Amino acid sequence: SNPFEVKVNRQKFDILGRKTKNDVGLPGVSRSKAIKKRNQTLLKEYKEREKTNVFKDKRFGEYNTKITPEEKMIRRFALERQQNYGKKNIYNLNEDEELTHYGQSLAEIEKLNDIVDSDSDTEERGTLSAELTAAHFGGGGGLLRKKVSSEQQDEEEEKPKSRKELIEEMIAKSKQEKQERQTRRESALELTEKLDKDWKEIQTLIARKTPKSEKKDKEVEKPKPDEYDMIVRELGFEMKAKPSERLKTEEELAKEEQARLQKLEADRLRRMRGIDEEANKKRPSHMSADDLADGFILDKDDRRLLSYKDGKINIENEDEEGEEEEEEEGEEKEEEGEEEDNENEEESQEESASENEEDDAADHHSDLESDLESEEEAAGNKEEKKHKENENEPQNVEKLDPKQEAAKSELPYTFAVPESYKTLKSLLAGRTIEQQLIVLERIQKCNHPSLAVGNKAKLEKLFGFLLEYIGELATLDIPELRTIDKLVLPLYNLCQMFPEAANDSIRFILRDAAHDLEEVIEVKGRATFPGLDTLIYLKIVALLFPTSDFWHPVVTPAFMYMSQLLTKCRITTLQDVIKGLFLCCLFLEYVSLSRRFVPELINFLLGVLHISLPKNQAQGYTVVHPFTPVGKNLELLLVCDKEDLKSWEKQNVPLSTVTRLKETSRTEINHTRLSCLALCFDLIKRCAALYESLPSFHEIMHPVKILLAQHVPVNEYPEKMQEWYHSALKELENKVKHYTPLICEKKKPVPLKQYTPKIVKVLEFGRKQAGSKKEQERKQLIQRHKRELKGAIREIRKDNQYLARMQLSEIMERDSARKRKVKELLGSLATQEGEWKAMKRKKWKN
């Protein structure tokens with residue numbers, strides 16, 4: 001390119017903040033100018049990227065290009081004046097206002113022109129006039145000269161007074177002034193007394209006491225206070241809010257409860273052993289200040305008589321006597337040792353409880369209950385020994401203290417966690433329901449997981465032992481269902497504390513029951529309903545775990561096991577019907593929230609209706625396994641005795657009837673059959689209310705509806721049974737069909753013909769289409785945005801390339817400097833090596 005053809009807009013000086021026009025020229029020149037700009041901006045920032053000592057101009061508007069220099073200067077001047085005014089005039093006061101102190105101007109007080117008035121004090125205590133001080137302390141000369149000079153000016157003819165005359169005149173003048181002040185004070189007192197007397201006389205005339213009758217009338221006439229006023233006064237007397245105490249954590253509460261139970265147990269053991277608590281307390285004997293201890297008497301005379309043998313002191317006798325005394329003292333100590341041990345053990349228990357509260361040393365008390373048991377065993381062994389000793393003695397034995405008997409009969413307050421099922425059974429056996437609950441509660445409180453490390457594993461085992469105990473109660477000849485009902489609460493608490501352990505133990509029980517069912521089916525081809533313990537376990541699952549989940553590790557296996565029982569266990573006895581209906585109730589409890597459809601439930605209810613019909617009417621419908629259309633168990637719920645039908649009353653079917661149904665009479669069995677049938681009607685009604693929102697509700701309940709409407713002999717049943725029947729049938733018939741099932745159409749629907757033509761706008765290539773003004777502006781903005789975006793991307797790429805070149809140049813400079821230094825080092829080493837070889841040669845030559 002010809003340099004004379006390049007047009008360059010040069011700027012003589014670079015001025016900060018001034019806008020300059022764009023440089024115009026050929027591409028090469030513009031590229032060099034761009035590199036120059038990058039050297040001034042990007043390179044400078046790159047070199048100062050890790051430095052903090054960069055000068056920055058912090059003046060107002062220095063980097064703001066929108067403000068003109070004149071505006072910048074005006075604004076800076078205003079800010080400077082504002083800062084100076086704020087600093088200097090903070091404490092400046094207004095000149096127009098005059099400050100005073102007790103009514104006097106501060107300006108006059110600062111001049112110190114105050115005149116001390118000697119007469120200001122009414123009592124004249126310690127005050128002297130100026131003339132008196134000048135006369136006495138000044139020698140009287142100055143006062144004399146002053147008087148003489150003043151008298152010479154006024155009366156030159158008169159002679160000056162002597163010093164004695166002046167002093168006498170001064171004393172007389174001071175006495176006169178004092179007398180005047182005294183008279184003024186006395187006159188003021190007389191006036192005040194007179195005013196008081198006059199006021200009292202006037203007050204008696206003004207004040208008038210109202211009689212009591214008028215007072216009562218006035219009190220009666222007083223208006224009652226308004227409700228708002230009463231509320232305001234009550235609010236004034238209300239207690240103000242006080243900060244509440246901090247809520248304690250679970251660990252703190254557990255420690256406090258453990259300490260409380262340990263203290264109660266120590267008190268119980270003390271009462272059981274007959275130790276008086278007040279006697280153990282050492283009461284200090286009172287001694288007055290004048291006590292000289294004159295009444296001090298030795299309990300025992302320890303002095304020994306001297307004896308001589310062969311001219312020597314007899315020491316052996318003394319030793320024998322000492323040994324006898326030591327033996328007697330040892331026997332006494334052994335007798336008293338038992339009581340002291342008991343007291344020490346109790347004190348150690350109390351100290352350990354206090355250490356628990358203060359230092360959180362829960363590990364020291366993990367075996368506390370075992371210690372207490374060992375104490376009880378030791379106490380029992382001692383009592384047995386005493387009893388054996390007393391048997392040899394005459395039979396003049398007194399009875400035990402009633403307090404000790406009450407303490408023995410009382411429940412212990414601390415228990416160790418049973419390590420086996422037998423120990424738990426021994427703890428709970430022979431106790432009432434309330435006592436069993438108290439024992440389980442104290443076991444949990446004394447062995448809380450936060451108190452010791454191994455308590456968690458022990459309590460997890462306790463959950464399994466408690467489940468086993470409940471199963472044993474259910475398998476008794478007369479099952480203790482009330483006890484089982486009460487024991488569900490501690491079972492629930494343990495499940496909340498250890499959900500994983502509860503999961504595993506219940507799943508283990510369900511897995512065993514399912515395996516037993518499968519083995520029986522493989523061997524015999526049919527199975528029977530399980531015992532009452534398994535049914536109670538299924539009920540407990542519904543109480544401990546959420547049954548509305550889509551999938552649950554405990555509820556889902558229980559659900560599957562119950563469905564297998566309803567489909568694979570054959571109905572052969574009335575007990576099987578009761579168990580099946582119990583499972584149906586459990587199914588409805590499980591799906592009450594999720595509304596999950598259970599086909600086994602509907603099938604079993606249909607089968608119950610089937611076995612309640614006579615053989616001649618059990619036709620015209622299908623029955624699904626485990627029920628059969630023909631067989632000996634067809635009329636299992638059929639009641640033909642009219643007297644039993646008339647005497648029947650609706651009552652719940654208890655589970656305890658499963659075990660003692662054989663011992664009941666025929667009438668009671670017929671009543672149980674009718675109660676089962678009534679329960680079946682009730683379950684059908686509940687199923688209809690539960691599954692009414694299903695799309696296929698009518699298809700599901702259609703077989704039940706047909707069986708109820710066409711085959712059940714309603715007229716033979718009692719009136720109450722007929723009411724249950726009609727309510728169930730009405731519930732099925734009143735349900736409206738809410739949904740229709742989705743069905744795919746056989747043919748694709750033919751679209752309707754459209755007669756309006758579809759207009760498509762054809763655009764010419766390479767030509768801008770005309771449009772409204774807004775559309776054209778929008779297109780221009782879009783095009784401008786694209787152009788600016790491309791330019792910005794291009795500049796960013798160039799900046800990155802420039803920075804990459806700078807970095808590469810720095811790396812190359814560092815590498816070249818390193819190579820140069822390496823060459824210098826190698827050269828110096830080579831010279832050193834040559835010199836060393838030359839020296840070596842010289843040595844060899846020499």
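**Close-ups of a predicted model**

**View 1. Helix α17 and its neighbours.** The buried residues of α17 pack against α15 (421-428), α16 (433-446), α18, α19 and α20 (532-544). This is a predicted model, so keep that in mind for every view here. Which residues of α17 are the buried ones? They are N455, L459, L462, F463, F465, L466, L467, Y469, I470, G471, L473 and A474.

**View 2. How α17 packs on α18.** Two packed helices are described by the angle between their axes and the distance between the axes. For α17 (residues 455-474) and α18 (residues 481-497), the angle is about 160° and the axes are 10 Å apart. An angle over 145 degrees counts as roughly antiparallel, so that is the label α17 gets relative to α18. The crossing of the pair is left-handed. On the α17 side, the contact is made by L459, L462, F463, L466, L467, Y469, I470, L473 and A474; α18 brings T483, I484, L487, P490, L491, L494, C495 and M497. Sort the residues of this contact by type and you get 16 nonpolar, 1 polar and no charged.

**View 3. N503 in helix α19.** Here we zoom in on N503, which lies in α19 (residues 499-524). Is N503 buried or exposed? Its relative accessibility is 17%, and buried means under 20%, so N503 counts as buried. Leaving out residues up to four places away in sequence, N503 touches F545, H552, P553 and V554.

**View 4. Helix α22, largely enclosed.** This helix covers residues 574-590. Of its 17 residues, 15 are buried, so α22 is largely enclosed by the rest of the structure. Its length checks out too: at 1.5 Å a residue α22 should span 24 Å, and its end C-alpha atoms are 24 Å apart, which agrees.

**View 5. L677 in helix α25.** The last stop is L677, found in α25 (residues 666-690). With a relative accessible area of 1%, L677 is buried. What does L677 touch, not counting residues up to four places away in sequence? The list is L609, S612, Y717 and M721. Take L609 from that list: L609 and L677 are 68 residues apart along the chain, yet their C-alpha atoms are separated by 7.5 Å.

Technical notes:
Residues are numbered from 1 along each chain as its sequence is written. This is a predicted model: local features need pLDDT of at least 70, side-chain atom pairs count only at pLDDT 80 or more; totals for chains, interfaces and linings use all residues. Side-chain values use heavy atoms; hydrogens and water are left out. Helices (H or I, at least four residues) and strands (E, at least two) are DSSP runs, numbered from the N terminus. Buried means under 20% relative accessible area, exposed over 50%, partly exposed in between (1.4 Å probe, protein chains only). Contact means heavy atoms within 4.5 Å. Axes are lines fitted to C-alpha atoms, for helices over the stretch in contact, and angles run from 0 to 180 degrees between N-to-C directions. Angles under 35 degrees count as roughly parallel, over 145 as roughly antiparallel, 65 to 115 as roughly perpendicular and the rest as oblique. A crossing is left-handed if the near helix is turned anticlockwise from the far one by less than a right angle, and right-handed if clockwise. Ala, Val, Leu, Ile, Met, Phe, Trp, Tyr, Cys and Pro count as nonpolar, Asp, Glu, Lys and Arg as charged, and the others, Gly among them, as polar. The expected span of a helix is 1.5 Å times one less than its number of residues.
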